[in-house]
Amino acid sequence: MSRSSSGSTTGSSTAAPALRGNGQAGVEEPARAPIVRVENLHRSYSSGAAAVHALRGVSFEIPRGELVALKGRSGSGKTTLLNLVGGLDSPDEGRVTVDGTDLAGLCEDGLLALRRDRVGFIFQSFGLIPILNAAENVGVPMRLSKVSPRRREGRVALLLSLVGLADHAAQRPGELSGGQQQRVAIARALANRPALLIADEPTGQLDAETGLAVMELLRAVVRSEGVTALVATHDAQLLGLADRVLELSDGVITEH
Ligand code: ADP
Ligand code: MG
């Protein structure tokens, strides 16, 4: 299950993931290979008569363990890019490699497994299931991955503590604040120990203070869980927490 060269806990090395368990065995240079490699991505939408060229040749790499912010005005292609990186959509041209896997080589089931086990998604609108309580929401990805109830319950409790919601396990989304709901969504995204977190304007529905707290939580889990994150935001205050900022404009990336 785990990468060939990494033990489960290896102390102080900054490159060593603490709680990682997924990924493919036997991919090239596991320690140094970037988690995300995007090469010359193009994506157009045909809307009515005109085509919209949302991405026009986007390339970048994200090394393991980084928190990368993706900024750009509304309509600049951030969501389009995140969907391609997360295997929710496929490019017209170009290549996406996630954790050593070329997404073009995956069938629908393979993409489903990737999205379930190796990528965690966080959305602006939280995306929690209203009739399930916080603990049950966090447990959903593990149910889908057939994790035993005992292991699932243990990890749900650990994740709820990690996001500061141990005392709110039994509350449904409607009984939680927006910031708390997003914390539940972060815990859920981490459930199957993904290599990559993808967050699409995770603070977009939160006030500035709550948004900053959520971004700081993302910053903290990237460090503590050894996960890598790609976070779209147009909130300038949050960009300072990123290791690197990529900017999308006119469908191309400029790095800062
Ligand atoms: P952002 O997330 O930065 O706001 P998007 O990726 O959502 O940008 O959109 C990029 C461009 O592609 C915009 O011009 C948008 O209108 C267009 N677009 C996005 N999704 C679709 C779609 N499903 N059909 C047609 N046009 C789309
Ligand atoms: Mg968007």
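At what angle do helix α3 and helix α4 pack, and how far apart are their axes? This report takes up that question and then turns to ligand 1. The model is predicted.

## Two packed helices

Two packed helices are described by the angle between their axes and the distance between the axes. Helix α3 covers residues 134–144 and helix α4 covers residues 149–162. They pack at an angle of about 125 degrees, and their axes are 9 Å apart.

Angles of 65 to 115 degrees count as roughly perpendicular and those over 145 as roughly antiparallel, with the rest, apart from angles under 35, counted as oblique. α3 and α4 are therefore oblique to each other. Their crossing is right-handed.

## The shell around ligand 1

The residues around ligand 1 are Tyr 45, Val 52, Ala 54, Arg 73, Ser 74, Gly 75, Ser 76, Gly 77, Lys 78, Thr 79 and Thr 80. Sorted by class, this shell holds three nonpolar, six polar and two charged residues.

## Polar contacts and burial

Oxygen atoms of ligand 1 lie close to the protein at several residues. A backbone N or O atom of Ser 76 is 3.2 Å from a ligand oxygen, and for a backbone N or O atom of Gly 77 the distance is 3.1 Å. At Thr 80 the side chain takes part: one of its N or O atoms is 2.6 Å from an oxygen atom of ligand 1.

Ligand 1 taken alone exposes 560 Å², and the protein buries 62% of that. The elements giving two or more residues to the shell are β2 (50–62) and α1 (78–85). The largest share, three residues, comes from α1.

Conventions:
Residues are numbered from 1 along each chain as its sequence is written. Chains are lettered from A and ligands numbered from 1 in the order in which they are written. This is a predicted model: local features need pLDDT of at least 70, side-chain atom pairs count only at pLDDT 80 or more; totals for chains, interfaces and linings use all residues. Side-chain values use heavy atoms; hydrogens and water are left out. A residue is near a molecule or strand if one of its heavy atoms lies within 4 Å of it. A polar contact is a pair of N or O atoms within 3.5 Å; within protein, one must be able to donate a hydrogen and the other to accept it, and residues adjacent in sequence count only if both atoms are side-chain atoms. Accessible areas come from the Shrake-Rupley method with a 1.4 Å probe; for residues, only the protein chains shown count as cover. Helices (H or I, at least four residues) and strands (E, at least two) are DSSP runs, numbered from the N terminus. Ala, Val, Leu, Ile, Met, Phe, Trp, Tyr, Cys and Pro count as nonpolar, Asp, Glu, Lys and Arg as charged, and the others, Gly among them, as polar. Axes are lines fitted to C-alpha atoms, for helices over the stretch in contact, and angles run from 0 to 180 degrees between N-to-C directions. A crossing is left-handed if the near helix is turned anticlockwise from the far one by less than a right angle, and right-handed if clockwise.
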